Amino acid sequence: MNIGQLINQIILMFCLMLVGVLINKLKFMHAQTSNDLTNVLLYIVSPCLIINAFEQPYSNDRIKQFLLAAGGVILLYLVEIVIAKLVFGHLKNRNLSRIAQYGSIYSNAGFMGIPLISSLFGSKGVFFAVVSLAAFNIFSWTQGVSLFKNNDSGTAERTNWKQVLLNPNIIAIIVGAIFFVFSVQIPSIPNQIIKDIGSVNTPLSMIVIGNSLANIKFTKDMLNKEIGLTILFRNLLFPILAIIILRLVGVTGIAFYTTIVMAACPVAGLVVLFTLQVHDDTAPAISAMSLSTILSLVTIPLIFALGNIL
């Protein structure tokens, strides 16, 4: 796949976001509708897409690249966490510190990454994309959540591993992996249902994102030095780091390009949810998420091009 195809696909996805904006302005989608569709995507559509991605012939080379990508992604997260802590951990504004750390580390892997990979590479790409999605869910719901749950004494609350392991995407990955390793064939009718449900992931995800962006009022106060630096790390510096690490561990082909595209996705929307849960100011989180998403129209193709060069 060349960079022209990637740019065309990203433009298509942003056009779908504009449809979401239009739907919002026409008042066809209200807050509860958006929340309901988000749950449908998370709990039904995305798991179907993941299970379908594992329905392919067993291959030692594919497993090798899968495991190499997993090692590279885990190493990437560990390095990102350390760098984000060093750069943003000292900020006196605690709310801004945790938003900047979370926003720079965690990309919108599920809502933007998986639809993009599905459109670009089909089920072969999604097969490798689940590595990044699994790592995102595990790290985000452990280290990421801990950023927002430190109490006044500085002691982090215990991780809710039940919440992590019962995430529908993690369950789908485990089920899909079992099907792949043991070459389990899903009967034709259930298999077609899974494929049809998974096929709506890209347009529905983009429409929901567009609907969310339509509610944001952009002002000059949205961007300060810390938010700008957060976006720089999330959209450019950490994806470049991903390219270097994946090259060093030997990830190649679709596995390599899938993983760097996932790493180049914008700030995860969960940063807003987590900020809401601790009853703090969501303005910096909304700024980081929305501006990062808009800029990703340019930065994702740039990262892809750098992946071809480096």
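Colleague: How many residues does the largest nonpolar core have, and which have the most contacts inside it?
Modeller: This is a predicted model, to begin with. Its largest nonpolar core has 94 residues, and those with the most contacts inside it are F54, Y77, Y102, Y106, L116, V271 and I300.

Colleague: And which helix gives the largest share of this core?
Modeller: Helix α5, residues 109–147, with 22 residues.

Colleague: What is F54 in contact with, leaving aside its neighbours within four places in sequence?
Modeller: F54 is in contact with F66, F127, V130, I173, G176, A177 and F180.

Colleague: Lots of Phe there! How many aromatic pairs does the structure hold?
Modeller: There are 18 aromatic pairs in the structure. One of them joins Y58 and F180, which are tilted at 35° between the planes, with 5.4 Å centre to centre. That pair links distant parts of the chain, 122 residues apart: Y58 is in the loop between α2 and α3, while F180 is in helix α7.

Colleague: What about the rings of F66 and F127?
Modeller: Their centres are 5.2 Å apart and their planes are at 55°, so this pair is tilted. F66 lies in helix α3 and F127 in helix α5, so the pair ties together parts 61 residues apart in sequence. F66 is buried at 17% relative accessible area, and F127 is buried at 1%.

Colleague: Which residues do ring pairs link into a cluster?
Modeller: Y77, Y102, Y106, F136, F139, W141, F148 and F274.

Colleague: Changing topic: what lies over the face of F256?
Modeller: R247 does, at 3.8 Å from the ring centre.

Colleague: Now the backbone. Which residues have a positive phi although they are not glycine?
Modeller: K27 has a positive phi of about 60°, and H279 has one of about 55°. Most residues other than glycine have a negative phi.

Colleague: Where do K27 and H279 lie?
Modeller: K27 lies in the loop between α1 and α2, and it is exposed, with a relative accessible area of 60%. H279 is in the loop between α12 and α13, and it counts as exposed at 74%.

Colleague: Last one: how far apart are V298 and I11?
Modeller: They are 287 residues apart in sequence, yet 9.9 Å apart in space, C-alpha to C-alpha. V298 lies in helix α13, and at 57% relative accessibility it counts as exposed.

Technical notes:
Residues are numbered from 1 along each chain as its sequence is written. This is a predicted model: local features need pLDDT of at least 70, side-chain atom pairs count only at pLDDT 80 or more; totals for chains, interfaces and linings use all residues. Side-chain values use heavy atoms; hydrogens and water are left out. A nonpolar core is a set of buried Ala, Val, Leu, Ile, Met, Phe, Trp, Tyr and Cys residues joined through side-chain atoms within 4.5 Å. Buried means under 20% relative accessible area, exposed over 50%, partly exposed in between (1.4 Å probe, protein chains only). Helices (H or I, at least four residues) and strands (E, at least two) are DSSP runs, numbered from the N terminus. Contact means heavy atoms within 4.5 Å. Rings of Phe, Tyr and Trp (its six-membered ring) pair if their centres lie within 6.5 Å; planes under 30 degrees apart count as stacked, over 60 as edge-to-face and the rest as tilted. A charge sits over a ring if NZ of Lys or CZ of Arg is within 6 Å of the ring centre and within 35 degrees of the ring normal.
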